[in-house]
Amino acid sequence: MKNYGELLKEIRIERGKTLKDIEKATGISNSNLNRWENNKVVPSIFFCEKLADYYGISLDELVGRDNQK
């Protein structure tokens, strides 16, 4: 199972985005995005919502949660 940082990076790369692209579109600093992707810090729910909205996915998808059991 992937950790949260790996999931964030994977989603970003799948969409062909750079950290700077996300920073410009969301206002979330490049340094915060980098720390999250490298598992140094976990983002707050506020930032998770911003990222999920930016990517057009649910919070469950953002954190790799599979609702099918």
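The exercises below, with worked solutions, concern a predicted model of one chain.

**Exercise 1. Confidence**

State the average pLDDT of the chain, and find the helices in which confidence is lowest and highest.

Solution. The average pLDDT over the chain is 92, and 94% of the residues score at least 70. Next, take the helices: confidence is lowest in helix α5 (residues 59-62), with a mean of 92. It is highest in helix α2 (residues 19-26), at 97.

**Exercise 2. The packing of α2 and α3**

Describe how α2 and helix α3 (residues 30-37) are placed relative to each other.

Solution. Two packed helices are described by the angle between their axes and the distance between the axes. Here the axes come within 9 Å and cross at roughly 125°.

**Exercise 3. The surroundings of E6**

Locate E6, decide whether E6 is buried, partly exposed or exposed, and name its contacts beyond four places in sequence.

Solution. E6 belongs to helix α1 (residues 4-14). Its relative accessible area is 40%. Buried requires under 20% and exposed over 50%, so E6 is partly exposed. Setting aside neighbours within four places in sequence, E6 is in contact with E37 and N39. Finally, the C-alpha atoms of E6 and L51 are separated by 14 Å, with the two residues 45 apart along the chain.

How values were computed:
Residues numbered from 1 in each chain as written. Predicted model: local features only at pLDDT ≥ 70, side-chain atom pairs only at ≥ 80, totals over all residues. Heavy atoms only, no water. pLDDT = per-residue confidence, 0-100. Helix = DSSP H or I, 4+ residues; strand = E, 2+ residues; numbered from the N terminus. Axes fitted to C-alpha atoms, helices over the stretch in contact; angles between N-to-C directions. Buried < 20%, exposed > 50% of the residue type's maximum accessible area, 1.4 Å probe, protein only. Contact = heavy atoms within 4.5 Å.
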